[in-house]
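User: I would like to learn how to read the strands, helices and chain contact of a model, one feature at a time. Please give the general idea before each case.

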Amino acid sequence: MGDLVAAEWLKLRTTRLVYGTAAAAVLLSVAAVTGAVLATDRSGTPLTSTRGLEQILSVTGTGALMVLLTGVLVAAGEHRHGTAADTFLTTPRRHRVVLAKLAVSAGAGLAAGLITAAASLATAAALFTVEGATFPVGDGDVWLTLAGTLAYTTLFALLGVALGTLIRNQVLAIAVALAWIGIVEHILISLAPSIARWLPAMAGLAVVRSPIDDVLSPLGGLVVLTLYTVAICGAGLRFAVARDV
Amino acid sequence: MIEVAGLTKRYGEHRAVDDLSFTAPAGKVTGFVGPNGAGKTTTFRCLLGLAEPTAGVALVDGLRYRDLAAPRRQVGAVLESMGFHPARSGRNHLRVLARAAGIEPARIDPLLDLVGLRGAAERRVGGYSLGMRQRLGLAAALLGDPPTIVLDEPVNGLDPAGVAWVRRLLRAWADEGRTVLVSSHLLVELAQVADRVVVIRDGHRVTEADVSSLAGSVTVRVDRPDAMVAALLAAGVGHELRGDGAISVPGCEPAEVGRIAARASVAVTELARATVGDSLEAMFFTATGGDGRG
């Protein structure tokens, strides 16, 4: 299993994909934090108030979207480029390949979370100074939110691998992910918030302590998001992985 | 040794492979030939565990592929459907596979030399020609120094020198005692190197033969075919008068045919020896009912 994980890590390092998406994740988070600081300040909410900090710090996980897409490409990309055959010739017990991809993506997702959280924190602190406020570095909630960002980004990497395992068509898998997060859940939030809170993207927002109404507790969100990942990956292992390539 | 027994692969109503049986023994090059769409690649995918047979088995050394202890060290394969990540270099492609299979990376450089890609190893595969991809695929198949080698249309995209190079490799591997199974839709590519041929069409095996059992033949044209046929009959030599007036004499040397013609006072206008490859080709077209245009 160690060799397989090392091979998957090598795969990830030897294309430019991961560098591009990591950079995009940082840019997204920094842009989101910048926007949140300006919007909060504009709306008259004090930056250092609980509400203000929640609004600003909960968007530090925005870059996780790029991590999710990277996870999809790590799994479904093997079919897109035709490397799946060589991979399965090397490792005919295909579930081991999926497990190795999950392990490597968890590490990469955690690393991406660390980088985006650090960049977001620095951005927020700098903007607070510009706005004449002092960033509350000693506030425990700040660090809890950033810990949530790490968990959120890591889980989104795993969710991406799970989705790309279940839906082997890379384009379709990405389309499903974006449509779900961007359209389906958005509609359900307004139509049926009591249901929407249990859906993956909303559960993710709970993990980063988003000040949206009706979200689950951070821990509840973590559990729900993990269950989705396990369920989708399980379905992929059961129904998709063994299929002919 | 590869054994395929009763192999059937259905896609809906279509039987891509239908009750196919054949063997590819160690120490021999077995040519697997048939027109495009005959089921060659599907057979290979079943053999390599990439597709699940509907019925029957395809075994390597008595085991299903997925039951092999160290598949990459036991079987090396190149399939047409195999691809490469365009942004990954040739060397990194091999490094990934070696790593996953637990094969020492020291094997990579000699293999790059063997397939002539040492100079292009650091370049992204996206910029490789079809022939370079074939060579990289071959290097990947050889990573584990496998005793069984399975190649699907290995000379597609190679120039004539490359084709001759692959033929020499196939011969050398078989002479080392390896099992070599190689498919092609062009029989002439294999005729010079295959020890055995398995011909399939529409998923069925139509014939399986040792190439050594296919003797060459002599084709002769004369001014009086009737007299020549009578002379061959008198000499007890098997022959066939073809529609175009030429006489085909299997298993005979041109000199002998010439002597028979001289004794019968028949003037020879054309005397040609058909090679084993020509015989193979004739057998292939008879068996597949095709005209060679796939």
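User: How many bridges join strand 10 of chain B to strand 12 of chain B, and in which sense do they pair?

Analyst: Strands here are DSSP runs of E of at least two residues, helices are runs of H or I of at least four, and both are numbered from the N terminus; two strands pair if DSSP finds at least two bridges between them. Strand 10 (residues 217-222) and strand 12 (residues 247-250) of chain B pair in the antiparallel sense over 4 bridges, with B:Val218 opposite B:Val249. Strand 12 of chain B is also joined to strand 11 (residues 240-241) of chain B by 2 bridges, again antiparallel, and there B:Leu241 stands opposite B:Ile247. The hairpin of strands 11 and 12 of chain B has 5 residues between the strands, and in it B:Gly245 takes a positive phi near 95 degrees.

User: Before we go on, what should I know about the model and its numbering?

Analyst: This is a predicted model, in which local features need pLDDT of at least 70 and side-chain atom pairs count only at pLDDT 80 or more, while totals for chains, interfaces and linings use all residues. Residues are numbered from 1 along each chain as its sequence is written, and chains are lettered from A and ligands numbered from 1 in the order in which they are written.

User: Which strands of chain B form the open sheet, and in what order?

Analyst: The open sheet of chain B has 6 strands in the order 5-6-7-3-8-9, with mixed pairing. Its edges are strand 5 (75-78) and strand 9 (204-210) of chain B, each of which pairs on one side only. Neighbouring strands are turned by 15 degrees against each other on average, direction ignored; axes are lines fitted to C-alpha atoms, for helices over the stretch in contact, and angles run from 0 to 180 degrees between N-to-C directions. Within this sheet, strand 3 of chain B runs parallel to strand 7 (residues 179-184) of chain B over 5 bridges, and parallel to strand 8 (residues 196-201) of chain B over 4 bridges.

User: Is strand 3 of chain B buried or exposed?

Analyst: In a regular strand the side chains alternate between the two faces of the sheet. A residue is buried if 20 or more other C-beta atoms lie within 10 Å of its own, exposed if 12 or fewer, and partly exposed in between, with C-beta atoms placed from the backbone. For strand 3 (residues 29-33) of chain B, 5 of the 5 residues are buried, so this strand is largely enclosed by the rest of the structure. B:Val29, B:Gly31 and B:Val33 lie on one side, B:Thr30 and B:Phe32 on the other.

User: Why does the end-to-end distance of helix 2 of chain A agree with its number of residues?

Analyst: The expected span of a helix is 1.5 Å times one less than its number of residues. Helix 2 (residues 17-42) of chain A has 26 residues and should therefore span 38 Å, and its end C-alpha atoms are 37 Å apart, which agrees. Its buried residues, including A:Val18, A:Ala25 and A:Val37, pack against helix 1 (2-13), helix 3 (50-57), helix 4 (64-80) and helix 6 (94-130) of chain A.

User: How many residues does each chain give to the contact?

Analyst: Two residues are in contact if their C-beta atoms, placed from the backbone, lie within 7 Å. The contact takes 29 residues from chain B and 22 residues from chain A. On the side of chain B, the largest share, 7 residues, comes from helix 3 of chain B.
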